[in-house]
Amino acid sequence: MGLQGDEETAKGSEEIPFKRSVFRYNSPLVQVALIGFVCFCCPGMFNALSGMGGGGQVNPNAANNANTALYTTFAVFGILGGGIYNILGPKLTLVCGCSTYILYAGSFLYYNHYQHQAFAIVAGGVLGIGAGLLWASQGAIMTSYPPHNRKGIYISLFWSIFNLGGVVGGLIPFVMNYHRTDAQSVNDGTYIGFMLFMAIGTILSLSILHPSRVVRDDGSHCTNIKYSSVSVEASEILKLFLDWRMLLLVPASWASNFFYSYQFNNVNGQLFNLRTRGFNNIFYWGAQMIGSVFIGYVMDFSFKSRRARGLLGIGIVAVLGTAIWGGGLAKQLDYRRGHLPTEKLDFKGGSNFAGPFMLYFSYGLLDAMFQSMVYWVIGALADDSEVLSRYVGFYKGVQSAGGAVAWQIDAHNVPFLNELVTNWALTTISYPLLVILILRAVKDDDDETDGETKDSVALPGIH
């Protein structure tokens with residue numbers, strides 16, 4: 001028997017009465033919004049910290065090594081996170097996950113004074129464990145709580161709130177370092193500000209309900225399972241590695257965080273001065289809000305056929321991605337590791353600043369559209385929280401393995417152009433495989449019975 005991690009899963013817990021209001025506490029809308037604010041405070045601030053390039057330090061080696069440790073443990077606990085979520089429930093899983101973000105930001109505050117990498121690397125490894133728990137929980141909530149025909153809108157709602165954290169987080173280093181035009185590293189107040197937001201997010205995670213207590217507007221529950229067991233979760237997680245649907249997701253999963261080291265360190269970090277990096281992050285994460293809302297609308301409302309909506313969404317992202325990476329290639333030909341710009345760009349630099357700024361903005365737009373598209377496809381494969389927590393855990397695990405490799409590639413001074421071409425190729429390979437997944441595994445609303453796709457039985461994993 002598994003552990004009953006949340007008190008709401010206990011037999012004697014009271015049920016929240018069902019009311020037909022979209023704003024009731026146990027509605028999918030409110031719970032998705034709440035997990036959005038949790039991620040606003042924790043991963044949102046982490047993104048702002050990472051987005052400055054080198055964790056806000058002049059030398060990116062500490063951040064590269066810390067991120068390698070982070071994504072290595074994240075790869076393991078991302079995959080295990082779905083099972084842990086099913087066993088412990090959301091509250092305990094999220095509190096454990098969120099608290100590790102505070103430690104990570106604190107390690108860079110320490111590094112600001114002592115220049116010792118060890119603490120940052122250990123904190124990165126610990127954060128990888130916590131991030132695996134948090135993102136498996138978040139993915140289960142975001143993809144399983146909404147009605148199956150409105151998952152794109154709920155994903156865009158979450159993504160907008162979450163990336164608002166990156167916008168606010170970008171303001172912190174911009175304001176705190178505005179007059180330090182020649183500074184190489186951010187000041188202590190920047191890291192302390194990040195830590196305060198992360199602490200608030202940890203407390204806010206206690207507001208998330210167990211999925212068995214969340215009721216959709218039609219009266220259906222997000223899951224009928226109150227808790228799982230270690231043996232069940234271990235068995236189901238292992239089956240994912242032989243599930244053809246998950247295997248088709250691997251290239252997209254691997255690509256979806258692979259580009260961060262290149263964009264943060266080698267575009268924002270190399271082309272712009274310190275205060276402008278914070279300014280750029282405001283718009284990078286703001287672009288993500290725009291991108292997620294747009295692609296969410298397309299994938300929920302563009303056609304009556306759910307399969308057609310999915311195919312259109314992939315087509316739009318593919319065309320836009322090709323254009324943006326092409327623009328990135330044109331700019332990358334202007335500089336390389338042995339021939340860096342002699343002067344960092346400032347946001348008051350006029351026309352010289354505008355082009356690289358729009359490129360970085362576009363990278364943020366593409367990131368949100370790509371990841372929202374992948375989440376929509378995952379959400380279209382099932383509706384139950386227990387199943388989707390494992391699917392999302394697999395996605396985050398593979399994603400983080402790619403991230404670990406990417407940060408170490410950058411740490412070993414691989415040419416910038418090679419990194420760009422690799423990122424472009426990985427995302428491009430993903431599109432036809434996602435098309436195959438939609439054609440074979442996603443059914444239209446008219447083909448569904450009792451809210452579950454026929455494909456859930458007809459298309460088992462390969463054994």
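**Salt bridges and an enclosed space**

Biologist: Are Asp-243 and Arg-245 buried or exposed?
Modeller: This is a predicted model in which local features need pLDDT of at least 70 and side-chain atom pairs pLDDT of 80 or more, whereas totals for chains, interfaces and linings use all residues. Residues are numbered from 1 along each chain as its sequence is written, and side-chain values use heavy atoms, with hydrogens and water left out. With a 1.4 Å probe and protein chains only, buried means under 20% relative accessible area, exposed over 50%, and partly exposed in between. By that rule Asp-243 and Arg-245 are both buried.

Biologist: What kind of contact do the side chains of Asp-243 and Arg-245 make?
Modeller: A salt bridge requires a side-chain nitrogen of Lys or Arg within 4 Å of a carboxyl oxygen of Asp or Glu. With 3.0 Å from N to O, the side chains of Asp-243 and Arg-245 meet in a salt bridge.

Biologist: Which parts does the salt bridge between Arg-390 and Glu-233 tie together?
Modeller: The N to O distance between these side chains is 2.9 Å. Helices are DSSP runs of H or I with at least four residues, numbered from the N terminus. Because Arg-390 belongs to residues 385-411 and Glu-233 to residues 230-240, the pair ties together parts 157 residues apart in sequence, namely helix α14 and helix α8.

Biologist: How many residues apart are Lys-239 and Glu-236, whose side chains meet in a salt bridge?
Modeller: Their N to O distance is 3.4 Å, and both are partly exposed, Lys-239 at 38% relative accessibility and Glu-236 at 26%. Within helix α8 they are separated by about one helical turn, being apart by three residues.

Biologist: What is the volume of the largest cavity?
Modeller: A cavity is a set of points on a 1 Å grid over the protein atoms alone where a 1.4 Å probe fits but cannot get out. Grid points are joined across faces, edges and corners, and a volume is the space filled by probe spheres set on them. The structure holds three cavities of 30 Å³ or more, and the largest has a volume of about 190 Å³.

Terms used:
Helix = DSSP H or I, 4+ residues; strand = E, 2+ residues; numbered from the N terminus. 1 Å grid on protein atoms, 1.4 Å probe; cavity = no way out; pocket = protein on both sides within 12 Å on 5 of 7 lines; lining within 4 Å.
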